[in-house]
Amino acid sequence: MQQRNDATGTQGPGLGWRINKLLQLDAMNLVILVIAVYIIWSVISALIDNPARYLPSPIAVAMSSVDMLYKGLLPSYFGDTLVRLIFGSAIGLILGIPFGLLLGINRTVADMFHPIMNFFQSVSGIAIFPIIVVWWGNSDKTIFAVILYTAFFPIAFNVLSGVREIPIRYISAARTLGASRYQIIKDVLFPGAMPHIATGSRLSIGFAWRAVIAGEMLAGRQGLGWMIFTGQDADNTAEVILGMVMIGVTWIILDHYLLRPMEADTIERWGLVQR
Amino acid sequence: MSDTIAKEGAAGGILASLSIAIQTRIGRQKLRKIILGSIPFLVLFVLWQMNTAFEWLPAVFIPPLGDVLGAAITLQEDCVGIGGALAMDNTCLLTNHIFSSIGRVILAAVIGLPLGIGAGILAGMNRTVSRYLEPVGVFANSISGIAWIPLAIVWFGVGWMTTLFIMLNTIFWLMFFNAMLGVRGVAKVYEQSVLTMGGSRWDVIRHVYLPGAMPSIITGMRISLGFGWRALIAAEMIGGDSGLGFMIFVSAEEFKIEEVFLGVIIISLIYMATDRYLLAPLEKWTVERWGLIWKPT
Amino acid sequence: MTAKLVVEGLSHHYPDEYTGIDVHALDDISLEVEEGELVSVVGPSGCGKSTLLNILAGLLPYRVGTATVDGIRIEGPGPDRGVVFQEHAILPWRTVNKNIGHGLEIKRMPRDQIAKRVQEFVNLVGLAGFEDKYPHELSGGMKQRCAVARTLCADPVIMLMDEPFAAVDAQTRITLQEELNRIAMATKKTILFITHSVDEAAFLADRCFVFSARPGRLKAIVDINIPRGDRIWSDMNANADFLAARDEILKLVREEVSVATEE
């Protein structure tokens, strides 16, 4: 408070204030940050022994991206990973949402399945991997099963919780108006659980993203996860870092520009039962 | 004749009063939920047993429950008593893996949580700090803990340091965000009130930011330990040489499915025990004690 | 009598947080508050009342003019000026007792002394029996009593109150006003009370400072010549002096409101 007022409180909107405002801009801030990270990274890279192994310079990483683009590997890996994520989480959501709703129709059934869903949700998909790998080996099917499992339980569990949290009086009110079972689902349960569906979807996709990367590493199927894993194996650290940056950037774009706004919109619009 | 009726009546009376006692002690609604909730577990258990009996799916895919329990005994076979297990003797295979995983969790929590909370409070207090730390954190979180594993292997080699690093990295950033948002959520007027009573910056941190952000910090602990645990298991699989994750991965390669099942069950049980019986009640307690209101009313 | 708070030629500008356009909040304010006196400050919204309070509390740095308490220039917040905020600013994670003793704790007073003094103020504001309750267990009125007790307990030279009763219901408000009057008389505290309610300003104050619309200037000072010990709401409605003072303040404020709307 004190410091902020010192900066903006007492002087007129002169040059100082304007510079101050400029520094508060996100874009400006990000540029400064990127430059700072670039410099620190380059300096460390220049100082250590064997940077190619431990921390290749940003330029080396950029060069490796050019190399991989040229060979066509980067787009292919990126595409593989994205396709897995989209299919895995889409099917997880398509199965999970109705499953959660169906269990939630009846309060007794909802109470019955809540603990076991909770149990399965807490078994992480990654821990399931070794079981599935025994069943199906190191195949795409295995990765897909892991993604599906990780995506399915958070969304189904969230929908179930959402339905359980809808006050009984809403359902009773609909009943007294003569609503049928189907109408109750359509007009009360589904819209009531909407904020939870939104939150659960984002959670599910987030978990699925981690599962894709881990699954590719473990099962050794081509994709970004595999790229960083083999990069490490082949002592090509530049490739590892490139893969990490791509994983990070992809998720930031997905989460901040697609999933979060969608979640916020849904909660705002359907937020009647918001916690 | 009348005797037996009296006896039956007495027995019925005891049963009835016992049932009432249980109901009042636990609560009728809660009891109902416990009984209902255990049904799917029982069904699953019965199905599992039936699979063993009828072999719908072969035992190499779904091991009999007996084998899973047997695996625990086999792994501990050569272990000499509890003393040996606690001393982490080489022969105590299962307990060694458990202790190795839990040890890393504790170490990572002891180091990572305070650091994350400290940095988060600092960033929550000071806009300049948060303007630069926040994007770094967003990025670090987005490279989900797991994607750091290969680089960690390059830096630290396969083993303890790599797995610890992955868990620390995951815990730190999640804790950082929760503490920062918690501090930002504390109404300015509380800070001002302490300042106008002559309080120092340190008084403000101690009396306002830390308690004000406490519900958010506890939630952050819960979330970060949950994510950390998942990341740790993955790290042990890919870049570890001990721990439950390592155990199930190696067992899977050797097609010892019963050991894999055992490991997965233990992993879930450890997570559920800490989350539901330690962290969740702690979270509930802080929120209830301070009346849900770290927002101004 | 000596002046406890002296403000001379205080002006304040600040750039708007979003547009950067210069806001002229206070213009050449000079005023004095005598020892043991309760003065109220009224004015239309946006007249700079809150800016004045923030400057006096030390939460807002100022450059033009001077403001002194006991002859010492105000530089930042300090325990010589206690503030009762508009919102409930008592800490939700401290019990009533711990909240009231907080100022003394900050001063590093020994525990047993704090406890003794806190008990005194708990009784004074009528919170006996609620010592170990958390704020969320108190009603709005009780929260503000607690806030007043907290400020008084730290024994400031002057107590600054920023529309402290704005958030409570009308009935509680009347009670709180009478209570504050009683407490102020009992502790002989010097108080500067900011409000937008003309009734409140006239009922509580020895003198009422009326501010003009933005930029805030001291437009008039209205004396309310009724002994503070005699003031009870049930009598005031029939008290000619009170009604006259209130109507005068009302007239002065309304002129400003119409000026503001014409602009």
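Let's start with a pair of residues: Arg207(C) has Asp223(C) as its bridge partner in β10(C). They sit where strand β9 (residues 207-211) of chain C meets β10(C), an antiparallel pairing held by 5 bridges. For the terms, two strands pair if DSSP finds at least two bridges between them, and helices (H or I, at least four residues) and strands (E, at least two) are DSSP runs, numbered from the N terminus.

A word on the ground rules. This is a predicted model, where local features need pLDDT of at least 70 and side-chain atom pairs count only at pLDDT 80 or more, while totals for chains, interfaces and linings use all residues. Residues are numbered from 1 along each chain as its sequence is written, chains are lettered from A in the order in which they are written, and side-chain values use heavy atoms, with hydrogens and water left out.

Now zoom out to the sheet. In chain C, 6 strands make an open, mixed sheet, ordered β6-β7-β8-β3-β9-β10. β6 (81-84) and β10 (218-223) of chain C are at the edges with a single partner strand each, so one side of each has no neighbour in the sheet. On average, neighbouring strands here are turned by 20° against each other, direction ignored. Across β6 and β7 (158-162) of chain C lies helix α5 (residues 140-153), running at about 175° to β6(C). Those angles, from 0 to 180 degrees, are between N-to-C directions of lines fitted to C-alpha atoms, for helices over the stretch in contact, and contact means heavy atoms within 4.5 Å.

On to the inside. Which residues touch the most other members of the largest nonpolar core? Among its 169 residues, they are Val208(B), Trp229(B), Leu5(C), Leu56(C) and Leu192(C). Beyond its neighbours within four places in sequence, Leu192(C) contacts residues including Leu5(C), Val33(C), Leu56(C) and Ile158(C). Such a core joins buried Ala, Val, Leu, Ile, Met, Phe, Trp, Tyr and Cys residues through side-chain atoms within 4.5 Å, buried being under 20% relative accessible area (1.4 Å probe, protein chains only).

Finally, the interfaces. Chains A and B bury about 5100 Å² between them, 76% of it on carbon and sulfur atoms; this is the accessible area (1.4 Å probe) that two parts lose on being put together, summed over both. Their count is 1 salt bridge, a side-chain nitrogen of Lys or Arg within 4 Å of a carboxyl oxygen of Asp or Glu: Arg32(B) with Asp111(A), closest N and O atoms 3.0 Å apart. Between chain B and chain C, about 2100 Å² is buried, with 0 salt bridges.

How values were computed
Buried means under 20% relative accessible area, exposed over 50%, partly exposed in between (1.4 Å probe, protein chains only).
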